[in-house]
Amino acid sequence: GNLGKGMQALFKAAGAGGLKAGSDYLHNLYATATAPRLDVTFLTERLLEIVVPIAHGPQLAQCGASADFVKRHFHGDFMVWCLIPNVSDAVNECFNFNVQHGPQFDPERPELEQLFLACHTIYEWLSCDSSNVAILLLTQNQLRTSAVLATCYTIYTRHCSIAQAFSAYKTRKQTTAPSAIDILVPEISPVPALATVHKRYLQYFASLVKLKHLPNPAPLMLRRVIMHTMPRLEPAPTGRGMGIYPHLSLWRGQKLVYSSSWRESNTKFYHEDDISAIFVADVVLHGDLVLKLFHLSVNALTQETLSEQEVLRYSFHSSFASAPGGSGAVRVTKSMLEIAPAAYDRISDDFAIDLLVTTLDEAPDLSATHSPHGTVPADPKTWRQAEDKASKGAGAGGPAAPGAADTAPTGADGGADGGADGGADGGADGGAD
């Protein structure tokens, strides 16, 4: 049941030797793939997922067994997309160096460029020859990565919905019919539950495939970050009530692009009765970004930071973060955030963060390439070049005044939540600032 339609494709591949040879071939394949030491799943007819133990030390022998299975049945007609970070050269050698490094964003936030690049290269490899096979190599720690990538690939090639694509992945991973325990206790399912950030990026990906272009390719200017209702993480210096010493930071990859401490040397305490906290940012947004909120334990007398803990983060892409009309507020609610388990119950359900954004005058011209179903920016290298060019132009001349409205995003967080809440909050808070 786990091999599915992949067995039919392999039966055809062995058909030249006659029915008996094809049957023996499939029998041997099934016996090998279902051996206890191997975890092989045919996600599509020619896209496989192989889960191996930690790919170093004494566990490397089991990784070699998977490589032997691949080389025995697919010979040289395979390419491996390795989702394992910092993989050893010995693993590359096991697969005859037919290894590419795929996206590695689990449990961290994904990158839209990496997702499209992986789907594009897998599709191009499979299109080169009908006998080619693509393999996702991962450990148990990268199951979410594989689930997201396999779902994106199904959307990319078949133009189906997220629910249909993810259901197809779950069906392939389910080796037996689900029992009542599987339904009542989903934690034991072989398919991991997707994190909030992964669901958001699946929405981004599906919207991009549908729209065939980035909703707002131009970089944006983040003017203010407004936090509504304060988390209750530390007793107030006065001894009455709870509150937080907030510290905000914005990251693009491993690069810090904004920190609230750059403008305020002393961290202010916000009481749980305070309505909102306003942070001046004035930073350019482009590409994949992560906004993080930290709580600082501060000595009330010396203002010395004793320790810090991450409270929450919000991962997003700037092309989906613009408000309707280009400028306004994009509201991020509690359900859209990745919150630390220790802080979840200390944050009100009414908690929200408003991102006040404006457009820049110069919008980059992003070229598009062809995908199997229409024109989408399948080669994301053009995004990075255009984004870097626009950001350098904005940095050289300073922040420009808001220009004409860009196309509003649809089907993602930026369009839905920004449209509902952006008008009122953008007018009130933007006017005050």
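A charge sits over a ring if NZ of Lys or CZ of Arg is within 6 Å of the ring centre and within 35 degrees of the ring normal. Hold on to that for Lys334. Its charged end sits over the ring of Tyr344, 4.0 Å from the centre. There is another such pair. The charged end of Lys292 sits over the ring of Trp251, and here the distance to the ring centre is 5.2 Å. One caution before I go on: this is a predicted model.

Now the inside. The largest nonpolar core has 77 residues. Which of them touch the most other members? Phe316 and Leu355 do. And which helix gives this core its largest share? That is helix α6, residues 143–158, with nine residues.

Next, the aromatics. The count comes to 11 aromatic pairs. Take Phe116 and Phe205. Their ring centres are 4.3 Å apart and their planes are at 25 degrees. Planes under 30 degrees apart count as stacked, so this pair is stacked. Where do the two residues lie? Phe116 is in helix α5, residues 112–128, and Phe205 is in helix α9. The pair therefore ties together parts that are 89 residues apart in sequence. Are they buried or exposed? Both Phe116 and Phe205 are buried. They also belong to one aromatic cluster, together with Tyr123 and Tyr156.

Compare Phe166 and Tyr169. This pair is stacked as well, because the planes are at 25 degrees, with the ring centres 6.2 Å apart. But these two both lie in helix α7. They are three residues apart, about one turn of the helix. Why does Phe166 count as buried? Its relative accessible area is 18%, and the cut-off for buried is under 20%. Tyr169 is at 4%, so Tyr169 counts as buried too.

On to the backbone. Most residues other than glycine have a negative phi. Two residues here are worth a look. Lys212 is not a glycine, yet its phi is positive, about 70 degrees. Lys212 is placed in the loop between α9, residues 196–211, and β6, residues 220–228. Its relative accessibility is 34%, so Lys212 counts as partly exposed.

The other is Asp282. Again not a glycine, and again a positive phi, about 50 degrees. Where is Asp282 placed? In strand β12, residues 276–285. Asp282 is partly exposed, because its relative accessible area is 31%.

Last stop, Ser161. Ser161 is in the loop between α6 and α7, and α7 covers 162–173. Buried or partly exposed? Ser161 is partly exposed, with a relative accessible area of 34%. Now look across to Ser207. Along the chain, Ser161 and Ser207 are 46 residues apart. Their C-alpha atoms are separated by 9.9 Å.

To recap the pairs. Lys334 goes with Tyr344, and Lys292 goes with Trp251. Phe116 and Phe205 stack, as do Phe166 and Tyr169.

Definitions and conventions. Residues are numbered from 1 along each chain as its sequence is written. This is a predicted model: local features need pLDDT of at least 70, side-chain atom pairs count only at pLDDT 80 or more; totals for chains, interfaces and linings use all residues. Side-chain values use heavy atoms; hydrogens and water are left out. A nonpolar core is a set of buried Ala, Val, Leu, Ile, Met, Phe, Trp, Tyr and Cys residues joined through side-chain atoms within 4.5 Å. Buried means under 20% relative accessible area, exposed over 50%, partly exposed in between (1.4 Å probe, protein chains only). Helices (H or I, at least four residues) and strands (E, at least two) are DSSP runs, numbered from the N terminus. Rings of Phe, Tyr and Trp (its six-membered ring) pair if their centres lie within 6.5 Å; planes under 30 degrees apart count as stacked, over 60 as edge-to-face and the rest as tilted.
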